[in-house]
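Look at the model below and follow the report piece by piece. Each part takes up one place in the chain.

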Amino acid sequence: MNSPVKHTVAGKPVPLVDGIEKVTGKAIFTADMETTDCLIGRILRSPVSHGRIIRLDTTQAARLEGVVAIVTGEDCPQTYGVIPVAMNEYPMAREKVRYRGEPLAAVAAVDVKTAEMAIDLITVEIEELPGCYTPRESRAPDAPQLHDNKHGNLDRDVHHKFGDVDAGFAEADLVCEETFSCAEVNHAQMEPHAALADYDPERGRLTLHSVTQVPFYVHLTLAQCLEMDTANIRVIKPFVGGGFGARTETLNFEIITALLARKAGGKIMMKLSREESFLTHRGRPETEVILKIGLTQSGKITAIECETTQSGGAYAGYGLVTILYAGALLHGIYDVANVKYDGYRVYTNTPPCGAMRGHGTVDVRHAFECLLDRMANKLELDPFAVRRSNLIKAPTFTANELMINSYGLDECLDKVEKASGWQTRKNSLKPGHGLGMACSHYVSGAAKPVHWTGEPHAVVSMKLDFDGSITVLTGASDIGQGSSTIVAQAAAEVLGIDLSRIRVIANDSAITPKDNGSYSSRVTFMVGNAAIEAAQAMRKKLITAAAKKLEVHPDEIDCEGETFFVSGSSQSELSFHDVAIAALAQEGTINVKGTFSTPVEAQGGKQRGGAVGSTMGFSYAAQVVEVKVDVDTGQIKIEKVWSALDCGFAINPLAVEGQIEGSVWMGMGQAMSERTHFIDGMHTHANFLEYGFPTIMESPHIDVQIVESIDPLGPFGAKEAGEGALSGFPPALVNAVADAIGLEANFLPLTPDRVLEALIKFRRSARRREAIA
């Protein structure tokens, strides 16, 4: 849908519709819903990272006064997982444990003290087995097998080749290959995990409140694991304190809480500690990228060869999709015809990894933008010029058949180059100061969902009743990104009414229509389009009613500022209230709906896994980062960041700015400090005191620039805005450090100790080169 010439609500910076509740503390999160009739749930976790369960005895725990229910792996023989072809995880371990902290059993008791005492009374005997904690260990010939049906501990391998890669490298004037390592990182969302399950034994019905981003997938998984009819399950998402991908699949504690509720025949509150939330994290996997690029003297990329190995943890989860994304989005940002990708997702005896903001693409994009910069320097080319030599001309399809209809990267480059003063400042900064740049992109929703049913990707219902308000019903999860506000703005824009007349009700499976969830930045594009279609249907009914009352043809009626009038006439007009009453008089409460389905041509190539990476539109971003590096301490200070994002059309510029800033902050954490670390499978800093994410004290000034390329399929031309800017920050930082002190780091994060260690090696190497010369 092309952007209208004029907007009254869309395109305006408005506060989020749920903002007041959040800033005043009135918002009710899952953990706030505990009532006096709630039993308290607690989980017993494995003390070892790999072992065979010999004995699990709950007898003493069951005898403890106040214990109402206990469940173990025997209570759920069903495996689950987000990908239908890769479900190999139990809610609680059966026969074997595969990571330290894996659930073994759970109890429900009258209070916290009793629940924790009961956990201590459960007897566990485990025959410990050797553990594999890195892909290298897991793929060794004599490595113990985590899963009997996965030889070599290989969860998934992917091999794609497009064009003539060998000929591409032969055409290049410079070919370089380097290896990059990126640490595993955690989402570190503000709200720890929690679930509230209420089972009605008389009716055989289950209601679950949870922190999820994907209520629909949770609904399906509960039905599968509890062997219940989906009609007897209700899933409700209250306010959520951050997701970032941590909650884009059903998590074990949600199923465990439901199992306890059914066994107890009542209500269970399960609150995970911060440490437990770190163990149940599904974060970005530790990744090694071996990257080779061919470049001509003019800066044209002739070929790419990439091998990616991800440490996926103990179970499949999103692993298949993650390793596919890493290769698929080598395409879509630059015009490259010759690409070879080999990806390996490897099982390890650590908590399972999964989706995290920029799913699967961040580490490979980091490696690519770093190596491209280094090659530009060797050829004495400006990094901006190299990117401009490889811009895509839209509309087009990539070598792996990804559809591109809009492309604003050129304008993003122009904006940050000018704003940062790149051309005048790049080689004139003080010693220890540097500028670096990088580009990135991301999908506006996956063109094919995880659970393919043939249904529309998004459905929005809209209701007009006697009170004159418009109620919008959506299953889309607002997890802080502002999706409910986007839906409200879309409805108000099409209907020509004030935003205050719109009420959005979201995420209750008994009330709202099904939605696939908040992941892969799909909500603005898909749900936004569905909201527009619903509003158009409502507008048609209102215009018909106005025309009847004014005794003219509907084509003669226009609506603006909550006033319906005959086009070209200032005499005949009706208020929205009058028209609403007239429309209701004809048919009573008015209900309409809108849907969105992805066009077939957007659904990717025919190669195996070709649907992953497919989308209706890509966002594009360019960033410049300015740093100051202390060579004596290894400390890096971010002086300023310039970030430009092509979001198609900013339906809410205020929200878009916030999403870009959030992307920069999260990228800064991964680049400078964040790293999960295990010793023999035990997480060593599973808390906010020791896990090093940046705070407002470390935040630099971020200059945000919005680019609007107007996508022909997007709602008012909009695309995603929440993930595209993230993966550009780490390489821009590393490139800035190289500009400042000459150190070309091939690792993340750049903590002071690692920077100092790399500097020592760099200086030794430089001295050796000088001695040889």
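Phe-278, Phe-688, Tyr-691 and Phe-693 make up one aromatic cluster. The model is predicted: local features need pLDDT of at least 70, side-chain atom pairs count only at pLDDT 80 or more, and totals for chains, interfaces and linings use all residues. Residues are numbered from 1 along each chain as its sequence is written, and side-chain values use heavy atoms, with hydrogens and water left out.

**Aromatic rings**

A pair of aromatic rings is described by the distance of the centres and the angle of the planes. Rings of Phe, Tyr and Trp (its six-membered ring) pair if their centres lie within 6.5 Å; planes under 30 degrees apart count as stacked, over 60 as edge-to-face and the rest as tilted. The structure holds 14 aromatic pairs. One of them joins Phe-688 and Phe-693. Their centres are 4.9 Å apart, and the planes make 80 degrees, so the pair is edge-to-face.

Phe-688 is partly exposed at 29%. Phe-693 is partly exposed at 28%.

Charges also sit over rings here. The rule asks for NZ of Lys or CZ of Arg within 6 Å of the ring centre and within 35 degrees of the ring normal. The table gives two cases.

| Charged residue | Ring | Distance from ring centre |
|---|---|---|
| Arg-274 | Phe-688 | 3.8 Å |
| Arg-365 | Phe-368 | 4.8 Å |

Helices (H or I, at least four residues) and strands (E, at least two) are DSSP runs, numbered from the N terminus. Two strands pair if DSSP finds at least two bridges between them.

β18 and β26 (618-629) run antiparallel and are joined by 11 bridges. Within β26, Phe-618 is the residue opposite Val-443.

**A buried loop residue**

Where is Asn-652 found? Asn-652 lies in the loop between β27 (636-646) and α17 (653-672). Asn-652 counts as buried because its relative accessibility is 1%. Contact means heavy atoms within 4.5 Å. Leaving out residues up to four places away in sequence, Asn-652 touches several residues, including Lys-12, Pro-13, Thr-485 and Gln-489.

**A covered strand**

In a regular strand the side chains alternate between the two faces of the sheet. In strand β20 (470-474), 5 of its 5 residues are buried. Ile-470, Val-472 and Thr-474 lie on one side. Thr-471 and Leu-473 lie on the other.

β20 has two partners described here. With β19 (458-464), β20 pairs in the antiparallel sense over 5 bridges. Val-460 stands opposite Thr-474. β19 and β20 form a hairpin with 5 residues between them, and Gly-468 in the turn has a positive phi of about 80 degrees. With β21 (502-506), β20 runs parallel, again over 5 bridges. Thr-471 stands opposite Arg-503 there.

**A two-sided helix**

An α-helix has 3.6 residues a turn, so residues three or four places apart point the same way. Which residues of helix α3 (112-121) are buried? They are Thr-114, Ala-115, Ala-118 and Ile-119. They cover an arc of only 140 degrees around the axis, which puts them on the same side of α3. That arc is taken from the directions from the helix axis to the C-beta atoms. The face turned away from the buried side carries the exposed residues Lys-113 and Asp-120. The buried residues of α3 pack against β1 (39-45), α2 (59-63), β3 (67-72) and β5 (103-109).

Terms used: Buried means under 20% relative accessible area, exposed over 50%, partly exposed in between (1.4 Å probe, protein chains only).
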